[in-house]
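Dear colleague,

Please find below the structure that I am handing over to you. My notes on it follow.

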Amino acid sequence: LHSFPTRRSSDLGLWAVGKTLLAAKKSVPSVESNSRFHFLFCGTHSAHFDTLVPVVREAAALSKEMPVCAWSVELKPEQESFLAGIGNVRVIRLPNLYSCVTISNKFRAARRALREVFALERLLKGTGHKEELRRRRSYVAESVFLYLLGVDFWEKALPRPRSSVVFTTTEGPSLVKGLFEAARNRNLRAVHFCHGFRHAIHQVTRATDFCVYSELDRKWFQSRVEKDCTVRAIGNPRMEAIRTTVGPPRSRKPGEPFRLLFFSQGEESPYTAGMMKADLAILAAEPSVRSKYILRIRPHPREPFDVLLKDVKEIGLVVDEFSQGTLAGDISWCDAAATPWSTALLEAAVAGRPCYWTDAGGHGFGGTGDLQRAGLGLLVKTKEEWAQAVEKLFLFQTKPPAAVLKSTLNELRICLDDSVPWIERLQI
């Protein structure tokens with residue numbers, strides 16, 4: 001409930017009427033009836049995009065008779081052009097759902113949304129959450145309403161063949177929830193390539209196949225999803241692309257400062273602004289230590305840059321530069337990487353860079369504590385521990401777990417040695 005903003009109480013009946021009066025102005029985009037592969041790209045985030053692209057390439061090559069469908073929700077024009085340039089890929093821009101759903105179906109969706117909200121109020125009776133729901137119920141109703149519109153849209157848009165598969169990288173948006181529900185109604189495979197560590201913002205899950213980052217995550221999720229959801233640790237397309245495109249660390253001369261790349265995470269529940277500042281402060285080393293490395297910070301795509309800049313100044317952290325390039329470019333540049341709990345550190349590990357978890361509270365958010373215990377990256381909680389790590393890096397004395405062994409990556413199934421196609425790994 002806390003993810004829904006508050007506003008003054010409104011008449012939900014008027015809300016429902018208002019939602020149903022918007023007439024359908026567009027038809028649902030038509031697709032080939034026997035198109036097998038459907039990819040939903042939500043937003044411009046490069047990590048989401050880069051995860052699916054290798055699978056799109058394979059599907060396009062495999063599905064010679066019918067084009068692969070790449071459904072675009074706010075992709076950049078250059079991203080759409082890239083997909084179209086793969087060949088045998090049809091890019092379809094998703095229209096606004098309101099414009100594709102009939103008034104009668106919108107009315108049914110609004111009525112059901114209200115029923116769900118009132119049922120939830122009864123369920124929460126006697127708990128502290130009921131008042132939270134009352135304050136946010138119009139937004140909860142809106143979320144359910146959009147989900148139902150999504151189901152309606154995808155029921156019309158998706159083909160009937162039982163062999164079809166839909167792919168995405170998040171189940172957060174209502175549109176994606178609707179996609180997976182419609183796919184299941186048709187007995188289609190619904191494949192979710194995990195984005196981010198264990199976090200309910202991204203992972204719901206209504207997938208038939210949930211592809212996670214590691215064997216540790218597979219075991220964790222398997223007991224928490226529906227019995228008909230198969231959790232797979234089969235590697236990650238983006239990770240394996242990084243391994244292929246990013247070269248080994250550069251040859252650094254003795255006495256030359258090493259290049260440190262810091263993946264900022266930004267505030268995101270349960271990670272508070274105070275935790276973020278405490279983790280950043282670990283890097284605010286004494287001049288004698290700080291002179292041994294060049295610091296580049298890569299902000300998180302959803303992180304307000306002005307907030308990050310303010311925190312950096314308040315803790316007295318000297319930053320040599322902020323990233324303006326690609327993730328692959330940043331990893332190619334660096335000699336080592338650090339983060340509180342960004343999955344980008346896994347990509348740095350795959351590329352052979354020493355890895356550090358700067359976690360002042362030792363929280364181990366998102367399963368990063370499990371990764372540390374498995375030998376992937378060194379936990380650093382204080383400036384003193386960081387100074388020791390810097391000295392070893394500077395003198396070329398880095399050892400595991402900071403220096404991540406290839407065998408560790410293989411055992412955790414983060415990046416696999418074999419070159420088995422993704423479609424085959426998914427047993428499609």
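In these notes, helices (H or I, at least four residues) and strands (E, at least two) are DSSP runs, numbered from the N terminus. The model is a predicted one, in which local features need pLDDT of at least 70 and side-chain atom pairs count only at pLDDT 80 or more, while totals for chains, interfaces and linings use all residues. Residues are numbered from 1 along each chain as its sequence is written, and side-chain values use heavy atoms, with hydrogens and water left out.

Helix α6 (residues 174–185) lies across β1 (37–42), β2 (68–73), β4 (165–168) and β5 (189–193), where contact means heavy atoms within 4.5 Å. The direction of α6 is at about 160° to β4; axes are lines fitted to C-alpha atoms, for helices over the stretch in contact, and angles run from 0 to 180 degrees between N-to-C directions. Helix α7 (residues 215–222) lies across β6 and β7, at about 165° to β7.

The seven strands form an open, parallel sheet in the order β3-β2-β1-β4-β5-β6-β7; two strands pair if DSSP finds at least two bridges between them. Because β3 (89–93) and β7 (230–232) each have a single partner strand, one side of each is left without a neighbour in the sheet. Strand β6 (residues 209–211) pairs with β7 in the parallel sense over three bridges, and cysteine 211 stands opposite arginine 232 in β7.

With a disulfide defined as a pair of cysteine sulfur atoms within 2.5 Å, the count is zero. For cysteine 355, the nearest cysteine sulfur is that of cysteine 334, 8.3 Å away.

With kind regards
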